[in-house]
Amino acid sequence: MGAGSPFAPHSAAETDAMLDILGIDDVETLFDVPDAVRFDGQFGIESGGERAVRRELSRTLGRNDELVEFLGRGHYDHYVPSIVDDLASRSEFLTSYTQYQPEIAQGFLQVLFEYQSLVVELTGLDVANCSVYDAATALGEAGRMAKRSRSTSGDRILVPEHLRSGKRAVLENYAAGPALEIESYPMEDGTVDLAALTDQADEDVVMVYAESPTVRGAIEPQLDAIGDVAETHDALYCVGTDILALALLEPPATVGADVVVGDASALGTGASYGIGLGLFATSEAYLRQVPGRLVGAAEDASGHRAFTLTLQTREQHIRRERATSNVCTNQAWLALRTAMAAAWFGPDGLIDLAESCVTSARTLADRLDEISGVRAPVDDAHHFREFPVRVDQPARAIQRDLAAEGFAVHAIDEHLLQVCVTETNAEAIDPLVGALREVCE
Amino acid sequence: MTYDQARWTADEDRYEPLLVEKRERTVEIEDSPLPADLTRDELSLPSVAEPDLARHYTRLSQMNYGIESGPFPLGSCTMKYNPSFTEDVAADPQAAVHPARTSSTVQGTLEVCHRLQDYLGRIGGMDAVSLQPPAGAAGEFAGILIAKAYHEDNGNDRNEVVIPDSAHGTNFASAAMAGYDVVSLPSDDGRVDVGALEEAVSDDTAALMLTNPNTLGLFERDIEEIAAIVHDAGGLLYYDGANLNALLGRARPGDMGFDVMHYNVHKTFATPHGGGGPGAGPIGVTDELTQYLPSPLVRKTATGFEYYDPEQTIGKVHGFYGNWPVLLRAYAYIARLGDEGLADASAKAVLNANYLASQIEYDVPYDPFHHEFVASAGEQDAADVAKRMLDHGVHPPTTKWPDIVGEALMTEPTESESRRTLDQLADAFNAVASEDEATLEHAPERTAARRIDQVAAARDPILSWQALDEQH
């Protein structure tokens, strides 16, 4: 390959002319690096042509097994409308950055404003930011916000026993700085054990966290009562949810949620090895404690409505160690995709899709339940997309056997599988049921 | 050069209308598969047909400026060209797997992760790398948590992180998030004041966070002495990788004595900034700190690749494995450039910054700088200068920061700009330098929106179309 970066446009003559103007012979003289820490440039990384790199990567990724995934637990695969890939890829969007100069960045600012508005509509809360990294970091930010809020006090955060370990691990790290303790409360038959939670809550609790749908897909019927527990003890009430489920479920604001967190990438970004879009919404009372960027409406010198980043004094580049969060680079481009996808589906499409997540899960559970040695669902809750499946044989062995048949499922306990169904894998329900029957019988 | 940005105007009050202003629909939830007490009553959202949506987003894109529109010398952000082929790489359906797949079924993905861990280790002079942090600030947070775990393991209770006053705001915020008190370090002639550092470090020092070259583009020439002072006090040295594009192939943080670092792959390794993100902020550490890295890491086994948890892991800073499609693009970029391409990228980035600085009339008080320089707008207001530069078809520099330069214009052209483009950039700087205050205050005129009143917007925040509606 050539000697230089293919993405530096300089011809040799141009480089020489520029060096001449600087009065030097060699670009190396511009590096003011003491000899003691100089490096010889030998990383041992070979360069390749564009086609070669693409081919080689494609070959390597081809070592991934081709499995039909019935996987969820916080990361979901929904159909991404073509218009999303097409228009999100426009370079004016894709290759732009944070809108520090709003006059030249109206397009992205307006999309982010529309994204915030979408989240406001779905959650029923007053304010949504234009993203943090993922559901786990959004939860961590909520915990930190609870601690610094004047209306709450305490040193413990109560979280459900059924919580994805990765999410809990992130929360533990976000909570370590303000020295918050994370404590689990029990679940009963797939949803919150309200009596146990009530016993556990006291004045030392700064935040109560509940999910609907839960990590096991159960729709929590007692969100209102859980909110009352939080309110009784002046704790922040944080509800974790899913952007698509919100199109159908009761808006969290109506059950008393102070903060809503979750992942919004399920709309607009398909399964992508865990990349997320952290949804964060709250009520007006916490406006000045919100982490991350906010886009607001403004007016320009010609009297037209325009958009701008606003309330930036909360942020790290101004407030430094007193900022509400350290977040700078966020997930704006995923928010753009989510806004586009939601617009494409429209309210009817979103409701239909959300309803299909309930009915498909029910259909699949009924089918699996017919298999001897298999029980699904294992609780009385309504489910969204996913649910646990009890199996007589060890779950891991069944997971392995199903992989050999071309299907990926979760093994979440010794005798529990979990499966997730959306429109992208629904047509493989029959083959999955057949394979599980074969494996189990 | 001049530039007239597209400006779609609906009427005398609005530019391109909001979707909700085009058509909204309220749908009642009826015959739902769920009991009514679990569902909402209705949902009101825009309902706009695809042809109109296509036009909406196309118009909005035309009212936005990216690297492919023109030069974007935003200091500290490394807005270099994002190679198109990396988009195809990221769109490979084979890469679009679910993160809960068992290791044995995603050997290809793990192999790419393992190679990228290895590449980044070589580039930074680090012994082990975690790809998990989803942004530079998340890398800082993870790195400081690692320092904390290391000190706790050694029975040391240290509560301070020392940070030069010219550092990125995220450094202060990340240290505070990890529970540390921040000790701000004054600078001496644009660099770390070694005497002040000696005063600042103590048994309480957990780490020094440093950017090198620093935000003025200056290499911290005393880095060995700085490292010795911090290490002698029992502290660790954290490298903020925001400015790594200056040093590829010339110096490595690991060789300078840094113990922990983050890489901003969206800066150094050319992944698109996406209007604010996603980026990725992998972290590298020395052998001694490998056991604390976020969980899990990828390692090679006799038969393939597997995940494992480092012995004393700090846990996680992202729910899954970070921003995988961004990491995949970065891998492709590194593999495309190799040793020589990476070294050339830094050579041209530093050459471009020096050439551009030599062509502008504004004073550049600190040198020798590398990939970026900080000019001073002098008597002019740097924010006004930036607004006026927009009319000349270029994105302006970062303004009013770092504080050490009055009316700062922090400029980072990157290696992607040709001499011709740099000359156009210089023309823009110089045209604005000779303009009067009134012209500057009225700028910009050619952008989609005219000067926006940000103070009023913050005084009375309107953050959704619902809030706009209430106001009317």
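The largest nonpolar core of this predicted model holds 318 residues, with Val208(A) and Tyr238(B) having the most contacts inside it. Such a core is a set of buried Ala, Val, Leu, Ile, Met, Phe, Trp, Tyr and Cys residues joined through C-beta atoms within 7 Å; buried means that 20 or more other C-beta atoms, placed from the backbone, lie within 10 Å of the residue's own. Helix H11 (residues 324-359) of chain B contributes the most to this core, 22 residues. Beyond its neighbours within four places in sequence, Val208(A) is in contact (C-beta atoms within 7 Å) with residues including Leu158(A), Ile226(A) and Tyr237(A).

Residues are numbered from 1 along each chain as its sequence is written, and chains are lettered from A in the order in which they are written. Local features need pLDDT of at least 70 and side-chain atom pairs 80 or more, while totals for chains, interfaces and linings use all residues.

Chain A has 13 helices and 17 strands, which are DSSP runs of H or I over at least four residues and of E over at least two. Of its 441 residues, 60% are buried.

Seven strands of chain A form an open sheet with mixed pairing, in the order S2-S10-S9-S8-S7-S3-S4. Strands S2 (127-128) and S4 (181-185) of chain A each have a single partner strand, so one side of each lacks a neighbour in the sheet. Pairing requires at least two DSSP bridges; S7 (residues 205-211) and S8 (residues 236-242) of chain A pair in the parallel sense over 5 bridges. Met207(A) has Leu236(A) in S8(A) as its bridge partner.

Methods: Buried ≥ 20, exposed ≤ 12 C-beta atoms within 10 Å, placed from the backbone. Contact = placed C-beta atoms within 7 Å.
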